[in-house]
Amino acid sequence: MSHEISLILTLTAGLLAALILGLAAKRLRMSPLVGYLLAGFVIGPFTPGYVANGEIAGQFAELGVILLMFGVGLHFHLKDLMAVRGVAVPGAVAQIAASAALGAVASHALGWSWSAGIVFGIAISVASTVVLTRVLADNRALHTPTGHIAVGWLIVEDLFTILVLLLLPVFYGPRDAGGPGLGLTLALALLKLAGLVAVTAVAGRWLLPRFFGHVARTGSRELFTLAVLAVALGLAVGAALVFGASMALGAFLAGMIVGQSEFGARAASDALPMRDAFAVLFFVSVGMLLDPTTVLAGWKLELATLGIVLLGKPLAALAVVLLLRRPLDVACAVAAALAQIGEFSFILASMAASLGVLPKEAFNALVVASVVSIILNPWLYQGTVALLARLKSRGFFTGKAAGDGESPLADAPDHLAVVVGYGPVGRMLCRILRDNGIVPVVVEMNIETVRELRAKGLPVVHGDAASREILLHAGVEAAGSLFITASGLDACEIAAAALDLAPSLRVVSRAGYLREAEALRAAGVQAVFSSEGEVALSMTAWLMEELGATEEQVARERDRVRRELFDKAEEVAAA
């Protein structure tokens with residue numbers, strides 16, 4: 001019987017252990033990733049009690065990799081990389097080379113082959129996207145020069161890792177006797193990659209927008225979520241079966257294509273829960289590989305790995321950023337943020353181990369280095385920034401402390417507003433905002449409205465405004481105000497999500513009933529208006545007063561809105 005429900009038992013045990021230990025890690029102010037890795041160890045074969053099915057856990061891990069890579073592709077924006085290419089590209093390449101060299105030397109001294117050492121060094125050169133963005137966001141440095149360089153640096157590392165994932169099977173995969181040589185095998189692999197990119201690009205330009213548009217018009221969120229998962233998994237599996245590429249590469253390309261479309265923000269929002277769940281299982285499956293009986297035996301490799309991650313990588317990054325003539329505070333902050341490893345390290349190591357490149361003890365070293373570096377990274381970053389601020393106050397160097405007043409969006413709150421819904425009220429508010437030099441970003445579920453606004457060159461995000469991911473795409477962190485103008489929405493949920501992301505945000509909302517207004521005010525909404533006509537008139541007066549208009553200007557604008565709104569409504573009714 002237990003064999004028949006092995007999948008259910010493995011899934012339940014993995015998620016339950018991850019939840020308990022993830023919460024414990026969070027309570028101790030550590031990244032939940034530490035808890036997930038320890039959860040895998042608890043249900044693994046090296047601890048007493050229940051032992052999860054390793055083969056099934058491996059399948060879940062594959063799903064986790066596919067969805068993680070799809071998420072990376074969704075958030076990949078070439079313009080972000082191009083903005084910091086002068087630092088991120090040479091910096092990441094130099095750091096990867098330094099890590100590969102240090103890894104090769106250290107592991108070769110312990111009896112490994114040079115090729116295994118280089119692959120291992122590349123694996124530990126890649127920082128965790130989850131950890132890095134969280135540390136930067138927690139320290140309000142994500143939208144500073146430090147954050148831009150670090151994120152761009154991470155994109156280069158991810159792209160390089162994807163290239164390595166593509167080439168590993170070419171160099172180390174099985175070959176038949178008398179088969180094509182390495183050069184021909186590499187040429188065929190690159191040809192297949194070109195074919196995969198071409199097919200994905202054609203699908204992304206012509207097929208996927210029409211497909212997602214058709215699904216979006218049904219109005220079913222479940223169908224849209226299903227469509228996103230089907231595309232991610234379908235293209236990943238298709239890449240492996242048809243083109244011989246890794247499923248991870250196929251998933252990345254699928255995410256990149258979808259992310260550049262008008263459905264990118266909504267796809268990221270809808271795929272996020274499923275991605276996170278299977279990503280957790282990926283880390284759990286890695287933790288299952290931790291063998292405590294060999295940890296002590298492999299202390300030399302683990303210590304060397306920690307030394308490279310916590311000292312070698314940051315020093316290489318620091319040197320490169322300084323050589324590229326960036327300020328000392330930015331260089332130190334970038335170096336500290338990158339002093340950790342995460343998901344891509346394990347993805348690369350998993351493939352290398354399956355090809356026989358890396359020995360089993362590599363995973364012990366990676367798990368130990370990952371847990372320790374993830375625990376220390378927030379403290380290391382905060383300590384670095386605090387030290388730099390102290391040195392600056394004592395006159396050791398001039399310039400702004402990392403993450404302090406550097407943001408190019410520092411003045412943006414007065415010039416950016418998020419408007420949820422583009423009905424009659426939303427249209428009026430957007431026009432008034434634009435007339436007064438404020439950029440409105442519309443969040444809208446109706447795909448036809450989204451396409452109409454995009455055709456006019458107006459900023460719009462397609463998706464549910466209650467989703468944190470959608471609000472982030474709309475730029476709520478940099479906005480000064482949020483206007484909830486559409487009816488039929490859970491305004492309390494939207495306001496709560498927005499205020500959690502931007503506590504100083506001004507939130508203005510419509511409400512159909514008094515009880516809704518009371519709940520909205522309790523949720524932190526500063527101004528609440530009810531009834532569609534009164535919403536338009538009252539919000540108009542409120543906004544004009546906020547903009548410093550005279551009473552005469554307010555009255556004139558109210559008359560204009562009344563004519564535009566009610567005259568149009570009467571025309572529609574008469575027709």
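A residue is called buried when its relative accessible area is under 20%, exposed when the value is over 50%, and partly exposed in between (1.4 Å probe, protein chains only). By this criterion Glu-302 is buried, at 7% relative accessibility. Glu-302 lies in helix α14 (residues 299–323). Helices (H or I, at least four residues) and strands (E, at least two) are DSSP runs, numbered from the N terminus. Contact means heavy atoms within 4.5 Å. Leaving aside residues up to four places away in sequence, Glu-302 touches Thr-294, Val-295, Asn-364, Ala-365 and Val-368.

The model is predicted: local features need pLDDT of at least 70, side-chain atom pairs count only at pLDDT 80 or more, and totals for chains, interfaces and linings use all residues. Residues are numbered from 1 along each chain as its sequence is written, and side-chain values use heavy atoms, with hydrogens and water left out.

The protein chain contains 24 helices and 6 strands. Of its 575 residues, 50% count as buried. Among contacts in the chain with a separation of 6 or more, 71% are between residues 24 or more positions apart. The chain exposes about 26,400 Å². Carbon and sulfur atoms supply 63% of that area. Accessible areas come from the Shrake-Rupley method with a 1.4 Å probe; for residues, only the protein chains shown count as cover.

Strand β1 (residues 416–420) is largely enclosed by the rest of the structure, because 5 of its 5 residues are buried. Both faces of the strand are covered. Leu-416, Val-418 and Val-420 are buried on one side, and Ala-417 and Val-419 on the other. Strands are taken as paired if DSSP finds at least two bridges between them. β1 is joined to strand β2 (residues 439–444) by 5 bridges, and the two run parallel. Leu-416 has Val-439 of β2 as its bridge partner.

Val-420 belongs to strand β1. Its relative accessibility is 2%, so Val-420 counts as buried. Beyond residues up to four places away in sequence, Val-420 touches Val-443, Ala-465, Leu-482, Phe-483, Ile-484, Thr-485, Ala-486, Leu-489 and Ile-494. The C-alpha atoms of Val-420 and Ser-509 are separated by 9.3 Å, although these residues are 89 residues apart along the chain.

A salt bridge is scored when a side-chain nitrogen of Lys or Arg is within 4 Å of a carboxyl oxygen of Asp or Glu. The whole structure has 8 salt bridges. One of them joins the side chains of Glu-448 and Arg-217 (3.0 Å, N to O). Glu-448 lies in helix α19 (residues 447–455) and Arg-217 in helix α9 (residues 182–217), so this pair ties together parts that are 231 residues apart in sequence. Glu-448 is partly exposed, with a relative accessible area of 40%. Arg-217 is also partly exposed, at 46%.

Asp-500 forms a salt bridge with Arg-468, with the closest N and O atoms 2.3 Å apart. This pair links distant parts of the chain, 32 residues apart: Asp-500 is in helix α21 (residues 491–501) and Arg-468 in helix α20 (residues 468–473). Arg-468 is partly exposed, with a relative accessible area of 37%.

Helix α18 holds a further pair. The side chains of Asp-435 and Arg-431 meet in a salt bridge (3.1 Å, N to O). The two residues are 4 residues apart in helix α18, so about one helical turn separates them. Asp-435 is exposed, at 52% relative accessibility, whereas Arg-431 is buried, at 13%. Arg-431, Asp-435 and Glu-557 are linked in a network of salt bridges.

Leu-16, Leu-19, Ile-20 and Leu-23 make a nonpolar surface patch of about 400 Å². Leu-19 is found in helix α1 (residues 6–27). Patches are made of residues with over 30% relative accessible area and no salt bridge; like charges are joined within 9 Å, and nonpolar side chains (Val, Leu, Ile, Met, Phe, Trp, Tyr) within 5 Å.
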